[in-house]
Amino acid sequence: MKILGLSGEYRTTSKCGMLVNHALDIAKGMGVETIFWDLDTDPLPIVGEEGCWENENVKRFQELVTNCDAILAASPEYHGTMSGAMKNTFDWIYGKHISGKPVGLMSTLGGVQNANTLNHMRIMLRWLHAWPVPEQLAIGKVKEAFDDEGNLVDEDHVDRLTKLVESVIETTKKLS
Ligand SMILES: Cc1cc2nc3c(=O)[nH]c(=O)nc-3n(C[C@H](O)[C@H](O)[C@H](O)COP(=O)(O)O)c2cc1C
């Protein structure tokens, strides 16, 4: 089984980069092959911009999505919804790449925890015929959520993240 990690922020050191990589580490510990697409080192053009349809990163990205069994995706909440980077990443994915695949959803917020971004991502995934699992994780007041080493400080967050990853893996097994 291969799980692809996506972040709606650039770099592995961003909050969503750290969060999704924690999720991937948990999956790795459960015997799953993992891969993280970092928009910082492998940027995806904005859909529609000049030259985007011939972009080599786009082709590699779409192949990666096609060849993975499930996705773990974390987006920051920007103005009450997912970041533009997250939406643009999913705009490069069509049903033929992701349909029938489980997705685990996470979000980070500067303010109070809510599920807006997660719900918007669920609606988007419906159009792609993907299968977001019921478990999800929104982390509010994200500036306080990680220690200096990048670990999640709240055990409840670790617990919920583990259950989310377990659910994605179990669902992938059931659907395959
Ligand atoms: C353009 C922009 C809009 C934002 N809108 C919200 C928002 O609507 N609600 C919220 O709780 N935080 C908001 N934030 C804070 C982000 O959610 C927060 O920066 C993000 O979760 C990641 O944290 P980091 O910037 O420390 O990496 C916003 C940040 C930016 C840059």
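Trainee: Which residues does Val-32 touch, not counting residues up to four places away in sequence?
Mentor: Two residues are in contact if their C-beta atoms, placed from the backbone, lie within 7 Å. By that rule Val-32 touches Met-1, Ile-3, Ala-27 and Ile-169, with residues up to four places away in sequence not counted. This is a predicted model: local features need pLDDT of at least 70, side-chain atom pairs count only at pLDDT 80 or more, and totals for chains, interfaces and linings use all residues. Residues are numbered from 1 along each chain as its sequence is written.

Trainee: Where is the place of Val-32?
Mentor: Helices (H or I, at least four residues) and strands (E, at least two) are DSSP runs, numbered from the N terminus. Val-32 sits in the loop between α1 and β2 (33-37). The C-alpha atoms of Val-32 and Asp-148 are separated by 27 Å, and the two residues are 116 apart along the chain.

Trainee: Why does Val-32 count as partly exposed?
Mentor: A residue is buried if 20 or more other C-beta atoms lie within 10 Å of its own, exposed if 12 or fewer, and partly exposed in between, with C-beta atoms placed from the backbone. Val-32 has 18 C-beta neighbours inside 10 Å, so it counts as partly exposed.

Trainee: Is Lys-96 buried or exposed?
Mentor: Lys-96 has 11 other C-beta atoms within 10 Å and is therefore exposed. Lys-96 lies in helix α4 (residues 95-98).

Trainee: Which residues touch the most other members of the largest nonpolar core?
Mentor: A nonpolar core is a set of buried Ala, Val, Leu, Ile, Met, Phe, Trp, Tyr and Cys residues joined through C-beta atoms within 7 Å. The largest one has 44 residues, and Ile-3, Val-20, Ala-23, Ile-71 and Ala-73 touch the most other members. Helix α1 (residues 15-29) gives the most to this core, with eight residues. Take Ala-23: leaving aside neighbours within four places in sequence, its contacts are Gly-5, Leu-72, Gly-104, Met-106, Leu-161, Leu-164 and Val-165.

Trainee: Which residues of β5 are buried on one side, and which on the other?
Mentor: In a regular strand the side chains alternate between the two faces of the sheet. In β5, Pro-102, Gly-104, Met-106 and Thr-108 are on one side, Val-103, Leu-105 and Ser-107 are on the other, and all are buried. Seven of the seven residues of strand β5 (residues 102-108) are buried, so the strand is largely enclosed by the rest of the structure.

Trainee: How many bridges join β5 to strand β6?
Mentor: Two strands pair if DSSP finds at least two bridges between them. β5 and β6 (residues 131-139) run parallel and are joined by six bridges. Trp-131 is the bridge partner of Pro-102, and Pro-132 stands opposite Val-103. β3 and β5 also pair in the parallel sense, over six bridges; Ala-74 stands opposite Met-106, and Ser-75 opposite Ser-107.

Trainee: What unit do β5, helix α5 and β6 make?
Mentor: A crossover is right-handed if, with the strands pointing away from the viewer, the path from the first strand over the helix to the second runs clockwise. β5, helix α5 (residues 116-127) and β6 make a right-handed β-α-β unit.

Trainee: Which strand pairs with β3 over five bridges?
Mentor: That is β1, in the parallel sense, with Leu-4 opposite Ile-71. Strand β4 (residues 81-82) runs antiparallel to β3 and is joined to it by two bridges; Glu-77 has Met-82 as its partner in β4. β3 and β4 form a hairpin with two residues between them, and His-79 in the turn has a positive phi of about 50°. Eight of the nine residues of β3 are buried, so β3 is largely enclosed by the rest of the structure.

Trainee: Which residues are closest to the ligand?
Mentor: A residue is near a molecule or strand if its C-beta atom, placed from the backbone, lies within 6 Å of it. Here 14 residues surround the ligand, and the closest are Pro-76, Thr-108, Leu-109, Gly-110 and Gly-111. Strand β3 (residues 70-78) gives the most to this shell, with three residues.
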